[in-house]
Amino acid sequence: MLLFFVDGLGLGPDDAEINPVVAARTPCLEGLLGRKMTAPSDVIKNDGALLVPTDATLGIDGLPQSATGQTALLTGINAPKAVGRHITAYPTIALKEILTERNIFRQVKEIGGRVALANAYTPEYFEAVDAGRLRHAAVTFSALSAGVTLRGLDDLREGRAVFHDLTNARPRSWGHDLPEITPEEAGRNLAAIAAQHHLTVFEFFLTDLAAHGRVPMDPVTVVEMIDRCLSGVLEAGNWGEMLLVFVSDHGNLEDRRSDVHTRNPVPTLLVGEGRDEVGDQIAAITDVTPSVVHWLAGRTAQ
Ligand SMILES: [Zn+2]
């Protein structure tokens, strides 16, 4: 299965002025859902997909944040409740303990599954971490703590990894000799990696950066990149046997009226084999990992 994690994408209003998801051209999502990916009143069950509006606030006041949200998503533990508040950006010591013990890579390995993190990392990333200029976010930390090998630029050149911007435009602008690829090709590469593992995780966070104004990208463009990537994922994967779970940690991009996070529900979008079995167990972001691991438990012998 492919866990496609998108940072900071909630289900917002059906208003193109407010919600870049509505303003964007999203033929793939609309083909799956029969409508734009905005806040539905209830679960949408369509021929193509299941969309579960998913709570990211977890009973804690204030705006949900990345460190606690991602920890909740990746472990099934109510991390903001455990630490008493929503915590931004990078996991704290307490959150790292939760991630180390319960992260989804570790849980799937424990039931005999093959796991992968599809993202590619540059040598400069590791240098920055070693120098203390950068810290691992929850997904990277979880993969490392579970003994998952991180993919590098050689993997990226061979199509065995995907950069977080999908097209390689960012690492090319940093001077790396890489081909520029389309979001569709990135999606096809993701599907190929997913076909070789029980669990493949991919992390995309330009959504959150664009919504915060930290990269010079229009949120509408970012949504269109995701839609194009998903079309490649769907084209290349065998979704009669594979499961796609597309999910976020908190809202942000879906409301242009502010540049901070929202308390909106986030999408859990499920496509393929097992979508109802997994999706029916999901109401909050803490339900994603337990439901996925339970579903994979019957399949890791294959
Ligand atoms: Zn986030």
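Colleague: Is the crossing of α5 and α8 left-handed or right-handed?

Modeller: The crossing of α5 and α8 is right-handed. Bear in mind that this is a predicted model.

Colleague: Which residues make that contact?

Modeller: On the α5 side they are K96, L99 and T100, and on the α8 side A138, F141, S142 and S145. By class, the contact of α5 with α8 has 3 nonpolar, 3 polar and 1 charged residues.

Colleague: What about the axes of helix α5 and helix α8, at what angle do they cross?

Modeller: Roughly 50°, with the axes of α5 (residues 93-102) and α8 (residues 138-145) coming within 9 Å. The two helices are therefore oblique to each other.

Colleague: Staying with α8, which of its residues are buried?

Modeller: In α8, the buried residues are A138, V139, F141, S142 and A143.

Colleague: And what covers the buried residues of α8?

Modeller: The cover includes the strands β1 (2-6), β4 (115-117) and β5 (199-204). It also includes the helices α3 (66-75), α5 and α6 (104-110).

Colleague: Which residue with positive phi follows α8?

Modeller: That is G147, with phi near 80°.

Colleague: You listed α3 in that cover. How do α3 and α5 lie, roughly parallel or oblique to each other?

Modeller: Their axes cross at roughly 15° and come within 9 Å. Angles under 35 degrees count as roughly parallel, so α3 and α5 are roughly parallel to each other. The crossing of α3 past α5 is left-handed.

Colleague: Which residues meet there, in α3 and in α5?

Modeller: A67, T68, T71, L74 and T75 come from α3, while L95, I98, L99 and R102 come from α5. The classes in the contact of α3 with α5 are 5 nonpolar, 3 polar and 1 charged. L99 of α5 also belongs to the contact with α8.

Colleague: New topic, the core. How many residues has the largest nonpolar core?

Modeller: It has 90 residues, and L190 and V245 have the most contacts inside it. The largest share comes from helix α13 (residues 219-236), which supplies 9 residues.

Colleague: What is V245 in contact with, leaving aside neighbours within four places in sequence?

Modeller: V245 is in contact with M1, L3 and F4, with T268 and L270, and with V278, V288 and V292.

Colleague: And L190, where does that one show up?

Modeller: L190 lies in α11, among the residues that meet α13. The contact of α11 with α13 divides into 10 nonpolar, 3 polar and 5 charged residues.

Colleague: How do the axes of helix α11 and α13 cross, and within what distance do they come?

Modeller: The axes of α11 (residues 183-195) and α13 come within 6 Å and cross at roughly 45°. These helices are therefore oblique to each other, and their crossing is right-handed.

Colleague: Last one, R157. Which helix is R157 in?

Modeller: R157 is in helix α9 (residues 153-157).

Colleague: Why does R157 count as partly exposed?

Modeller: Because R157 has 15 other C-beta atoms within 10 Å. A residue is buried at 20 or more and exposed at 12 or fewer.

Colleague: How far apart in space are R157 and E180?

Modeller: C-alpha to C-alpha, R157 and E180 are 9.9 Å apart, and in sequence they are 23 residues apart.

How values were computed:
Residues numbered from 1 in each chain as written. Predicted model: local features only at pLDDT ≥ 70, side-chain atom pairs only at ≥ 80, totals over all residues. Core = buried A, V, L, I, M, F, W, Y, C linked by C-beta atoms within 7 Å. Helix = DSSP H or I, 4+ residues; strand = E, 2+ residues; numbered from the N terminus. Contact = placed C-beta atoms within 7 Å. Axes fitted to C-alpha atoms, helices over the stretch in contact; angles between N-to-C directions. Parallel < 35°, antiparallel > 145°, perpendicular 65-115°, else oblique. Left-handed = near helix turned anticlockwise from the far one by under 90°. Nonpolar A, V, L, I, M, F, W, Y, C, P; charged D, E, K, R; others polar.
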